[in-house]
Amino acid sequence: MQLVVMAAALVLAEVGQVSSFSCHPKNVSIPVESCGISGCVHTTICEGRCYHEDPNYISYEDHPKEKICSGDWSYEVKFIEGCPVGFKYPVAKSCECTTCNTRTTYCGRLSADMPSC
(Lines give C-alpha, C1' and ligand atoms only; values in the text may rest on other atoms or scores of the structure.)
Protein backbone atom coordinates (compact mmCIF):
# COMPACT_ATOMS: atom_id res chain seq x y z
CA MET A 1 0.00 0.00 0.00
CA GLN A 2 2.84 2.42 0.83
CA LEU A 3 4.36 1.76 -2.60
CA VAL A 4 1.10 2.77 -4.31
CA VAL A 5 0.88 5.98 -2.24
CA MET A 6 4.51 6.83 -3.03
CA ALA A 7 3.95 6.22 -6.77
CA ALA A 8 0.85 8.44 -6.73
CA ALA A 9 2.80 11.20 -4.94
CA LEU A 10 5.58 11.02 -7.54
CA VAL A 11 3.08 11.24 -10.40
CA LEU A 12 1.42 14.28 -8.83
CA ALA A 13 4.81 15.93 -8.30
CA GLU A 14 5.69 15.33 -11.97
CA VAL A 15 2.37 16.81 -13.11
CA GLY A 16 3.09 19.91 -11.01
CA GLN A 17 6.49 20.31 -12.66
CA VAL A 18 5.08 20.01 -16.17
CA SER A 19 2.40 22.62 -15.49
CA SER A 20 5.07 25.11 -14.33
CA PHE A 21 6.36 25.13 -17.91
CA SER A 22 3.03 26.23 -19.33
CA CYS A 23 2.77 29.55 -21.16
CA HIS A 24 -0.52 31.24 -20.27
CA PRO A 25 -2.22 34.64 -19.89
CA LYS A 26 -2.13 36.28 -16.45
CA ASN A 27 -4.14 39.25 -15.20
CA VAL A 28 -2.03 41.99 -13.58
CA SER A 29 -2.51 45.52 -12.26
CA ILE A 30 0.07 48.12 -13.22
CA PRO A 31 0.44 51.52 -11.51
CA VAL A 32 0.25 54.47 -13.96
CA GLU A 33 0.40 58.25 -13.76
CA SER A 34 -1.06 60.85 -16.11
CA CYS A 35 -1.57 64.59 -15.51
CA GLY A 36 0.00 64.12 -12.07
CA ILE A 37 -2.82 61.73 -11.10
CA SER A 38 -1.98 58.15 -10.12
CA GLY A 39 -4.12 55.17 -10.97
CA CYS A 40 -4.07 51.50 -11.89
CA VAL A 41 -4.64 49.74 -15.16
CA HIS A 42 -5.75 46.11 -15.23
CA THR A 43 -4.31 44.18 -18.16
CA THR A 44 -3.22 40.72 -19.29
CA ILE A 45 0.38 39.58 -19.84
CA CYS A 46 1.96 36.30 -20.93
CA GLU A 47 3.56 34.31 -18.13
CA GLY A 48 5.30 30.97 -17.88
CA ARG A 49 8.28 29.03 -19.12
CA CYS A 50 8.71 27.10 -22.31
CA TYR A 51 10.38 23.71 -22.53
CA HIS A 52 13.87 23.79 -24.04
CA GLU A 53 16.23 20.88 -24.55
CA ASP A 54 19.93 21.36 -25.19
CA PRO A 55 21.51 19.06 -27.77
CA ASN A 56 24.19 16.52 -26.80
CA TYR A 57 26.68 18.14 -29.14
CA ILE A 58 27.61 21.69 -30.14
CA SER A 59 27.01 22.64 -33.74
CA TYR A 60 27.65 26.18 -34.92
CA GLU A 61 25.57 25.66 -38.06
CA ASP A 62 22.27 24.48 -36.59
CA HIS A 63 21.98 25.60 -32.97
CA PRO A 64 18.56 25.25 -31.31
CA LYS A 65 16.49 28.42 -30.90
CA GLU A 66 15.29 28.99 -27.37
CA LYS A 67 11.55 29.53 -27.10
CA ILE A 68 9.91 32.20 -24.97
CA CYS A 69 6.39 32.74 -23.68
CA SER A 70 4.90 35.45 -25.89
CA GLY A 71 1.69 36.12 -27.73
CA ASP A 72 -0.59 38.32 -29.77
CA TRP A 73 -0.69 41.84 -28.37
CA SER A 74 -3.00 44.76 -28.88
CA TYR A 75 -3.01 48.21 -27.34
CA GLU A 76 -5.93 49.82 -25.54
CA VAL A 77 -6.40 53.42 -24.40
CA LYS A 78 -7.39 54.40 -20.87
CA PHE A 79 -8.24 57.74 -19.31
CA ILE A 80 -7.74 58.48 -15.63
CA GLU A 81 -10.67 60.36 -14.13
CA GLY A 82 -9.87 64.08 -14.07
CA CYS A 83 -7.25 63.86 -16.84
CA PRO A 84 -8.08 64.54 -20.51
CA VAL A 85 -4.88 62.83 -21.71
CA GLY A 86 -5.22 59.11 -22.38
CA PHE A 87 -2.42 56.57 -22.44
CA LYS A 88 -1.91 53.30 -24.31
CA TYR A 89 -1.15 50.02 -22.57
CA PRO A 90 -0.52 46.52 -23.95
CA VAL A 91 -2.97 43.63 -23.59
CA ALA A 92 -2.07 40.01 -24.39
CA LYS A 93 -4.86 38.40 -26.44
CA SER A 94 -3.30 34.90 -26.49
CA CYS A 95 -0.05 33.30 -25.31
CA GLU A 96 2.17 30.56 -26.72
CA CYS A 97 5.78 29.34 -26.75
CA THR A 98 7.52 30.87 -29.78
CA THR A 99 11.07 31.48 -30.97
CA CYS A 100 12.36 34.80 -29.63
CA ASN A 101 12.60 37.54 -32.27
CA THR A 102 15.55 39.73 -31.21
CA ARG A 103 14.53 42.48 -33.68
CA THR A 104 11.30 43.22 -31.79
CA THR A 105 11.75 41.61 -28.37
CA TYR A 106 14.21 41.72 -25.50
CA CYS A 107 15.16 38.05 -25.18
CA GLY A 108 17.10 38.16 -21.91
CA ARG A 109 15.86 37.73 -18.36
CA LEU A 110 14.04 40.60 -16.70
CA SER A 111 15.80 41.15 -13.39
CA ALA A 112 13.75 44.07 -12.07
CA ASP A 113 10.73 43.65 -9.82
CA MET A 114 7.48 44.62 -11.51
CA PRO A 115 5.49 47.13 -9.43
CA SER A 116 1.85 46.33 -8.78
CA CYS A 117 -1.19 48.13 -7.40
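1. Contact here means heavy atoms within 4.5 Å. By that criterion, and leaving aside residues up to four places away in sequence, Y89 touches V41, H42, T43, S74, Y75, E76, V77 and K78. The model is a predicted one, and my remarks should be read with that in mind.

2. Y89 also belongs to the largest nonpolar core, whose seven residues are V32, V41, I80, C83, F87, Y89 and V91. Strand 4, which spans residues 87-99, supplies the largest share of this core, with three residues. Apart from it lies another core, made up of six residues, including C23, C50, A92 and C95.

3. How many aromatic pairs does a search of the whole structure find? The search returns one. The pair consists of F87 and Y89, whose ring centres lie 6.4 Å apart with the planes at 50°, and it is therefore classed as tilted; the angle falls between the limits of 30 degrees for stacked and 60 for edge-to-face. F87 and Y89 are both buried.

4. Turning to the disulfides, a search of the whole structure finds four, of which I discuss some here. C23 and C69 are joined with an S to S distance of 2.1 Å, and the link is right-handed, with 80° about the S-S bond. The pair connects distant parts of the chain, since C23 sits in the loop between helix 1 (2-19) and strand 1 (24-34) while C69 sits in strand 3, 46 residues apart. Both cysteines, C23 and C69, are buried.

5. A disulfide also joins C35 to C83, with 2.0 Å from S to S. The torsion about its S-S bond is about 50°, so the link of C35 and C83 is right-handed. Is each end buried or partly exposed? C35 is partly exposed because its relative accessibility is 46%, whereas C83 is buried, its relative accessible area being 6%. C83 is also one of the residues of the largest nonpolar core.

6. The disulfide of C50 and C97, with an S to S distance of 2.1 Å, is left-handed, with -90° about the S-S bond. C50 lies in the loop between strand 2 and strand 3 and C97 in strand 4, so that this link, too, bridges distant parts of the chain, 47 residues apart. C50 counts as buried at 11% relative accessibility, while C97, with a relative accessible area of 32%, is partly exposed.

7. K67 is in strand 3 (residues 67-78) and is partly exposed, at 40% relative accessibility. Its C-alpha atom is separated by 4.4 Å from that of T99, although K67 and T99 are 32 residues apart along the chain.

8. S70 also lies in strand 3, and it is buried, with a relative accessible area of 19%, a value just inside the limit of under 20% that the term requires. Not counting residues up to four places away in sequence, S70 touches C23, C46, S94, C95, E96 and T98.

9. Which side chains meet in salt bridges? The count comes to two. K26 and E47 meet at 3.2 Å, N to O, and they link strand 1, which holds K26, with strand 2, which holds E47, across 21 residues of sequence. K26 is partly exposed, with a relative accessible area of 35%, and E47 likewise counts as partly exposed, at 31% relative accessibility.

10. E76 forms a salt bridge with K93, with the closest N and O atoms 3.5 Å apart. Because E76 lies in strand 3 and K93 in strand 4, the pair ties together parts that are 17 residues apart in sequence. E76 is partly exposed, with a relative accessible area of 32%, and it is also among the residues that Y89 touches.

Terms used: Residues are numbered from 1 along each chain as its sequence is written. This is a predicted model: local features need pLDDT of at least 70, side-chain atom pairs count only at pLDDT 80 or more; totals for chains, interfaces and linings use all residues. Side-chain values use heavy atoms; hydrogens and water are left out. A nonpolar core is a set of buried Ala, Val, Leu, Ile, Met, Phe, Trp, Tyr and Cys residues joined through side-chain atoms within 4.5 Å. Buried means under 20% relative accessible area, exposed over 50%, partly exposed in between (1.4 Å probe, protein chains only). Helices (H or I, at least four residues) and strands (E, at least two) are DSSP runs, numbered from the N terminus. Rings of Phe, Tyr and Trp (its six-membered ring) pair if their centres lie within 6.5 Å; planes under 30 degrees apart count as stacked, over 60 as edge-to-face and the rest as tilted. A disulfide is a pair of cysteine sulfur atoms within 2.5 Å. A salt bridge is a side-chain nitrogen of Lys or Arg within 4 Å of a carboxyl oxygen of Asp or Glu.
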